[in-house]
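Have a look at the model first, then read on.

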Amino acid sequence: MTDTDALLNGFRKFRENLYGKNPKQYRDLLSKGQSPHFAVVACADSRVDPAIAFQTEPGDIFAIRNIAALVPPYEDDGRHHGTSAALEYAVRILKVGHIIIIGHAHCGGITNMIHKQEGTESTDTFISTWTDLLKQARERALKAEPGLEGEALQTASERQAVLVSLDNLKAFPFVIDAVAAGTLSLHGWYLNIFEAMLEAFNPETGTFELLG
Ligand SMILES: [Zn+2]
């Protein structure tokens, strides 16, 4: 058995069980095309798969995953912006009704950002440049609660990172237009998969509220 056999066996199970019981569901996804109602920006972390956490079906969510569930700043500079391209596709082509940014507990991307801000020299090529886009999250967390450190700083920065990404998202012209037209809503959520807890940011109270 090779390393990839587990995946191939998984595909065989999918083909027999999920697809086999309802092939029409999958063929309809082709004939009718995809029209997901939700786009999510989630972390690439292997433990926080939105399709599993939210028990969705194929075609339900347009998932954009990267390090730290990050929406970068809007930069119309002709360079290669993978996350921004996916957001544009979700809003302009698929016309999703909701974009949900899903930060998560024990995010390695946030740890990376904090370590660099605290002076650890980075040796990577791309990772720190990317997670630097969230350094404001640590600054905001410390401003709200000076003296935070360790796990408390990590957790507070993870929640603030969702808000930094939300702020960035609100500056994309096609997002501004769709929100103004009333066809798009933006959400910031915080997932702790290890405790099965989900929080949603309430812009009216300015706090994350635990889902009951
Ligand atoms: Zn993460």
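Predicted model: local features only at pLDDT ≥ 70, side-chain atom pairs only at ≥ 80, totals over all residues.

Buried means under 20% relative accessible area, exposed means over 50%, and partly exposed is in between (1.4 Å probe, protein chains only).

Residues are numbered from 1 along each chain as its sequence is written, and side-chain values use heavy atoms, with hydrogens and water left out.

Asn 66 sits in strand 2, residues 61–66 (strands are DSSP E runs of at least two residues, helices are H or I runs of at least four, both numbered from the N terminus). Beyond its neighbours within four places in sequence, Asn 66 is in contact (heavy atoms within 4.5 Å) with several residues, including Cys 43 and Trp 130.

Cys 43 also turns up at the zinc ion, which is coordinated at 2.0 to 2.3 Å. Donors are N, O and S atoms within 2.8 Å of the metal (3.2 Å for Na, K and Ca); water is not among the atoms, so the site may look incomplete.

| Zinc donor residue | Donor atom |
|---|---|
| Cys 43 | SG |
| His 104 | NE2 |
| Cys 107 | SG |

Along the sequence these donors are spaced C-x60-H-x2-C. Both His 104 and Cys 107 are buried.

Over at the helices, Ser 84, Leu 87, Glu 88, Val 91 and Arg 92 of helix 4 meet Phe 174, Val 175 and Ala 178 of helix 9.
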